[in-house]
Structure formats: structure tokens, C-alpha cells
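Dear colleague,

Please read the conventions together with the values.

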Amino acid sequence: MLTRIDHIGIACFDLDKTVEFYRSTYGFEVFHTEVNEEQGVREAMLKINETSDGGATYLQLLEPVNDESTVAKWLAKNGEGVHHIAFGTPDVDADAAAIGGKGVRVLYEEPRRGSMDSRITFLHPKDCHGVLTELVTSAPEPPAEH
Ligand code: CMX
Ligand code: CO
């Protein structure tokens, strides 16, 4: 069952400048950064709030690491902006199977590694009224800030 917003993914050309915008404008600090080669991104997670299930809600700022990155392709077409939304679930495998059973294309056969050792999959935006939608199960241990 999808229980919360895990994050909103925002594509940007320059991660450091975008992080600085969110810090100086809203006071949001970086909770975590990493490069996810498989996803073709360098990312910063800004924690917005904790939630009652022990998870949290983040902004995920995304900068492509190469021209083949799906985010690079998207930025070239659209410019900067909201790239995807991600719903949190305790069981991404079950939810992906259930949603796939309703005729929505699930992009990965098995969930892959996402930010902070989460497990993630995506639903095709063309089956979701134009919204690229990610499903996330957080790592069992709550992430430490780094
Ligand atoms: N939101 C809404 N629509 C999108 C989209 C997005 N983020 N990305 C692509 N589309 C639309 C395009 O506009 C295009 O529509 P039209 O045919 O009407 O022009 C259509 O989907 C096909 O797009 P495309 O540019 O040809 O791109 P691809 O089909 O090669 O890839 C997708 C699209 C969704 C399969 C690919 O982006 C993907 O696999 N995404 C999942 C992985 C990902 O996004 N990783 C980065 C984030 C990592 C993280 O969150 O941790
Ligand atoms: Co994401």
C-alpha cells in the first residue's frame, strides 16, 4: 500500500547552484548526496519532514552525470523542473505487481537500488496521465545524515 510521498524529483543543470537556491531561499539543508551510476544521476536529498511511519519526505535534486542519462534527455527537451514523484510503500514488490496487474507499465522487472539503499521502480508516465511515478521502499535502517 502506498502510504506517503517519499520524494519529488527535480531535474537541474547544476546541482550545487540548485542546492544553494533551496538552502538560501527556504532554509532546506542537504541530508544526503550520492552518485547513482545506474540511474545516471548525481543527487542531493533535502529532508522536508519526518512522517508517522518512520519514513521521511524529501526533495530529490537530480543532475545528469552523462549525456545518456534519462535526466539529461529530459532536461534537453523540457529544461529544469519537476521530473517525477515518488510514493513510499513498505512493499515495493507487492505494489509494483498489483499496479502492473491494472495495465500500468512497470519499467523494471525487479526493483533496483535507489537513493540511500532504498528499492525503487518506476511506472511509465504515459500510463499515469503524464507523470513519471516512482515507487520506493526505504532501507530497513533509517538513513543517517551524510
Ligand atoms: N515525465 C513525464 N513524461 C515523460 C518523462 C517524465 N519524467 N520522461 C519522458 N516522458 C515522456 C516524453 O515526453 C515522451 O512523450 P512524447 O512521446 O509525447 O513526446 C515519452 O515520455 C517518451 O519519452 P522519451 O523522451 O522518448 O524518453 P524514453 O522513452 O527514452 O524514457 C522513461 C522515458 C520514463 C522510460 C525513462 O525516463 C525512464 O526509464 N525513467 C525511469 C528512470 C529515471 O527517471 N531515473 C532518474 C531518476 C532516478 C531516481 O529517482 O532515483
Ligand atoms: Co526519485
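The shell around ligand 1 divides into 7 nonpolar, 6 polar and 4 charged residues, where Ala, Val, Leu, Ile, Met, Phe, Trp, Tyr, Cys and Pro count as nonpolar, Asp, Glu, Lys and Arg as charged, and the others, Gly among them, as polar. This is a predicted model, in which local features need pLDDT of at least 70 and side-chain atom pairs count only at pLDDT 80 or more, while totals for chains, interfaces and linings use all residues. Residues are numbered from 1 along each chain as its sequence is written, chains are lettered from A and ligands numbered from 1 in the order in which they are written, and side-chain values use heavy atoms, with hydrogens and water left out.

Of the 17 residues that surround ligand 1, the closest are Gln39, Lys73, Lys77, His83 and Lys126, a residue being counted if one of its heavy atoms lies within 4 Å. Helix α2 (70-78) gives the largest share of this shell, 5 residues, and β5 (81-88) also supplies at least two; helices (H or I, at least four residues) and strands (E, at least two) are DSSP runs, numbered from the N terminus.

**The cobalt ion**

His7 (NE2), Gln60 (OE1), His84 (NE2) and Glu134 (OE) coordinate the cobalt ion (ligand 2) at 2.0 to 2.1 Å, donors being N, O and S atoms within 2.8 Å of the metal (3.2 Å for Na, K and Ca), and water is not among the atoms, so sites may look incomplete. Histidine 7 belongs to strand β1 (residues 4-11) and histidine 84 to strand β5, so the pair ties together parts that are 77 residues apart in sequence.

Best regards
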